Amino acid sequence: MTLVAPFTEITDVSGSSSADSRFVRRLLRRPQAVACLVYLAVLAVVAIASPILLPDVAAERAGDLADSLQGPSSQHWLGTDSLGRDVLQRLLVGSQDTLIGVGVALVVVMLLGIPLGLLAGYVGGRLDRTLCWIADLVLSLPAMVLVIVVLSVFSQNLVAAMVTMGVLTAPALFRVVRAATLPVREQLYIAAAVVAGLSPSYIVRRHVLPRIVGPIIVQLSLLAAGALLLQTGLAFLSLIAGPPAPSWGGMVADGVGVMFQQGWLIWPPGIAIALTVLALGLLGDAVRDVSTEGWSPKRSPSRSTKQREKKKGADAPAISVDDDVLLGIRNLTVSFASSGGNVRAAERVSFEVGPGETVGVVGESGCGKTTTALAILGMLGHGGHVEDGEAHFAGQDLLTLSERDIQEVRGSEIAYISQEPMVSLDPAFRIGWQLEEAVRANTPLRGADAKRRVQELLEQVQLPDPTRAARMYPHELSGGMAQRVVIARALAGEPRLLIADEPTTALDVTMQVEILELLRSLQRDHGMAILLVTHDLGVVADICDRVVVMYAGEVVETASVADLFARPGHPYTQALLASNPHNQHAAGMLPTIPGSVPELGAMPPGCRFLPRCTQSTPACELGTIPLLQIGERHESRCVHAREVRST
Amino acid sequence: MVSMVIRRVFTAVPLLLLVSSLSFVLLSLTPGDAARQILGTRGTPEQYEALRQQLGLDQPVYEQFWHWLSRAVTGDFGTSIINGTSVAGEIWARLPVTLSLISGAILVSVVVGVAGGVFSAVKDGWLARAIDALVLVVWALPVFWVGSMLVVVFAIKLEWLPAVGYVPLSESPTAWARSLALPVFALSLGSVAAVVKQTREAMLDVLGSDYIRMAAANGIPPRSLIFRHALKNAAIPVVTVVGLQTIGLFGGAVLIENLFAVPGLGSLLVTSALSNDIPAVQAVAVVFTLVVIIVNFAVDIAYGLLNPKLRSS
Ligand code: SF4
């Protein structure tokens, strides 16, 4: 009995009639779809009615020969053909054969494609493999040629030709139906239905078919367009609809025959064919859009990403560029275009990284850590842009550099590694090639020197067999090895700063330890600074000198590692520490703090941490909280920082 | 690689058997007597008897097919029932014509299609939209109609190129090229459109991928990102579409050869079909299928070269 409840609910979800009518209504809201449907409906009426209303046209061998090859006139709206017959009448009557041809092909396609597709997708296993193999086989045949073979035996037989076409193109529909059936079958409600003891045919009719109507219509409209082109092509070759029968393809052929005398005649049938094909294609497009509406990610409207407004000069506070500052971020504000306007992913972010220093940027996901890191390199991508701020590095503001100039910085001055080593390497090239490319792009080394450097890099990251590794493709590497290769590539230009975005998150625990150890030793040997983005305070404790804590797009605390762990100056930091009490970095260990990071664009006024803070007072709601100096190189964005620090 | 070759052979044999047996099966399915139907009211009783024998209609279907097959594997496709010439000889004479037409069209599709696709992927904006519109229009226009328009414009109005006809390469290379220019242009338009579209989509897809971003973050210059990394990865779907388009080109070639009076296999196929010359039709279909199989094979090899994952597994 327990199964009944979920199942009734489920039936409602897939209730086909209501889902169908909603689908139709959404389709009819699109002008493009309505126009196509109206055109096709009119065409169908014409195809049925005109042979009845104009009974003599089909057999008319010749019209008024004295009046042949005329352009459009009031008697003959579309002119007359080489035998003096009215073009418009022939066009209208000729639509019948065309549509019959398309209809026959579609019926055959559906009769074969839908049941077999359902069967293959639903049953799976060997049957599925066999049917797929046959489908591939048939699809690799040249359809037109085989149709002509059939017509060589069954002369002028439209139905035979289009049945053949249907059989040869049915695999295209078969594939679509099969692909659409597979996931539906996996879904929970199907499982429930099977347990409830319903017959497979009922499940298919009731649950599977309604879900795949969209893809079927899309494919059918494409196949209809293909069938139409084939039918007109065969008529053009007079393999079907031989004279005197009117047909669109045959009329093009007539027009070609008299092209030198009257160029007009190929236009009416050509336009009729093109319009019908377009109507079918655009209808398919509209159906696809409607049936994927709501869940398909919209492509970002603009792909010009690096465009950044140059700052308007003087009012930006000048900062002193210390020798002991390698990277100095000031008031960095980054926003992203979203459907509801611009949202700020990072706001007034300021911190420094000294030469050879390791600085951790910590916080939960969605706090603006990665955004900050990418903004430094000018790699915000889709819709992101820097609103304000500076990023001083080696005497220049990275945020004002042109794309060309920042390219010079990337790799040779600042390198970047991400949390997903497996997707950071190009799958199509060998490791050695990719490293050599990085060496050539970021150093003057060429040829044998570059090759030697690659070898050296692979040794530096302690890959067991560098020579062999260089010959491998990324997919042949384990996650840990891939991350070593990625690090090797980052080292190619001997950068002064390495930005490492969650470099160990995707790896298992032993790998994490090894990679951290590697980063530490590289830093020791090369004096390279590291900006380490992580959510894991354990990692911070392991290798960082100083820490920047970010929350909801803002820096909430900066401190030395020792200070941070001993005397955290912000309730958020305290909560992070409390949720990770033993400073361990076990795999997948995420700090859990009650509540969640506020949505971008929906920030509370006053302190952003307030909704989750246990120590708030009314003072916390009053306006933006500044970053306060609370100790030596220790800052906190909390009005009660001093009390918090001493607790 | 070896398993791939075996798999291809494994599918090639049934394909060829299917295509070559098709007309035998159809003949046996014909209600009444095929020879009578073919001759209609034209033939004398003697012609009728001769045709029956030539088609092997006096034997059971499988014997007819076996008979045909055992000769076909030696390259003997019988004689035309219309003019009694050797079908194989006719095919050998015409094959180079069709192949040059089709390889020309493939070449144009790949070169123009990939260049256009890369260009429109990198330079976004009006060009991409223009290409979209063009792709749609070209897709909707039947190839024989486009061909006719090209004749009107380039042969009749501008008089740049010959309207119809074919000059063999051995006679005059320039005249040969000129005689093929319009047919190749007409034939390739549709596949150029398809290749442009696929190339652009694949390039955009790859250029948005993590490994391109990571390579960029580590100082790999844009030129290399586009022309080495993105292009090589995008080539895999592009090869698929080129393969599919090539199969489609054989259908297009049938129409184009007839329109431009090019004496290739396509026009042989149509004239033979119109006169029910079944031995000739059958042989042309088998040769077409064979070429398609070879194309598929080439596509498979290209996959292997482009995708290291396939190669090692
Ligand atoms: S300002 Fe107030 S609400 Fe915000 S963290 Fe400090 S104590 Fe908590």
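Author: Before we start, a word on terms: helices (H or I, at least four residues) and strands (E, at least two) are DSSP runs, numbered from the N terminus. Please keep in mind, too, that this is a predicted model.

Reader: Thanks! How many helices and strands does chain A have?

Author: Let's begin with the chain as a whole. Chain A has 647 residues, and 51% of them count as buried. Its secondary structure comes to 22 helices and 12 strands.

Reader: Among contacts in chain A between residues at least 6 apart in sequence, what percentage join residues at least 24 apart?

Author: Contact means heavy atoms within 4.5 Å. Taking the contacts in chain A between residues at least 6 apart in sequence, the share that joins residues at least 24 apart is 70%.

Reader: Now for the two chains together. What is the area buried between chain A and chain B?

Author: The contact involves 74 residues of chain A and 69 residues of chain B. Carbon and sulfur atoms give 73% of the area buried between these chains. That area is about 6,200 Å².

Reader: Which side chains meet in a salt bridge between chain A and chain B?

Author: The count of salt bridges between the two chains is one. Its N to O distance is 3.4 Å, and the side chains that meet are those of B:Arg228 and A:Glu437.

Reader: And which element gives the largest share of the side of chain A that touches chain B?

Author: Between the chains there are 12 residue pairs in polar contact, both residues at pLDDT 80 or more. Elements giving two or more residues to the side of chain A that touches chain B include α5 (125-139), α9 (200-236), α14 (431-442) and the strand β6 (414-417). The largest share, nine residues, comes from α6(A).

Reader: Where do A:Arg344 and A:Glu387 lie, and how many residues apart in sequence are the parts they tie together?

Author: These two form a salt bridge, with the closest N and O atoms 2.7 Å apart. A:Arg344 lies in strand β2 (residues 341-353) and A:Glu387 in strand β4 (residues 384-393) of chain A, so the pair ties together parts whose separation in sequence is 43 residues.

Reader: Is A:Arg344 buried or partly exposed?

Author: Buried means under 20% relative accessible area, exposed over 50%, and partly exposed in between. A:Arg344 has 38% relative accessibility, so it counts as partly exposed.

Reader: Which residues are linked in a network of salt bridges?

Author: Over all chains the count of salt bridges is 26. The network of linked residues consists of A:Arg344, A:Glu347, A:Arg348, A:Glu387, A:Glu554, A:Arg608 and A:Arg637.

Reader: Which residue forms a salt bridge with A:Glu357?

Author: A:Glu357 is buried, with a relative accessible area of 12%. The closest N and O atoms of the pair are 2.9 Å apart, and the partner is A:Arg546.

Reader: Leaving aside its neighbours within four places in sequence, which residues is A:Leu234 in contact with?

Author: A:Leu234 is among the core residues that touch the most other members. With the neighbours within four places set aside, its contacts are A:Met144, A:Val147, A:Ile148, A:Leu151, A:Ala161, A:Leu239 and A:Ile240.

Reader: Over in chain B, which residues is B:Asp300 in contact with, leaving aside its neighbours within four places in sequence?

Author: B:Asp300 is found in helix α12 (residues 278-306) of chain B. At 13% relative accessibility, it counts as buried. Beyond the neighbours within four places, its contacts are B:Met4 and B:Arg8.

Reader: One on the backbone to finish: what is phi of A:Arg633?

Author: Most residues other than glycine have a negative phi. A:Arg633 lies in the loop between β11 (628-631) and β12 (634-636) of chain A, and its relative accessible area of 43% makes it partly exposed. Its phi is positive, near 45 degrees.

How values were computed: Residues are numbered from 1 along each chain as its sequence is written. Chains are lettered from A and ligands numbered from 1 in the order in which they are written. Side-chain values use heavy atoms; hydrogens and water are left out. Buried area is the accessible area (1.4 Å probe) that two parts lose on being put together, summed over both. A salt bridge is a side-chain nitrogen of Lys or Arg within 4 Å of a carboxyl oxygen of Asp or Glu. A polar contact is a pair of N or O atoms within 3.5 Å; within protein, one must be able to donate a hydrogen and the other to accept it, and residues adjacent in sequence count only if both atoms are side-chain atoms. Buried means under 20% relative accessible area, exposed over 50%, partly exposed in between (1.4 Å probe, protein chains only). A nonpolar core is a set of buried Ala, Val, Leu, Ile, Met, Phe, Trp, Tyr and Cys residues joined through side-chain atoms within 4.5 Å.
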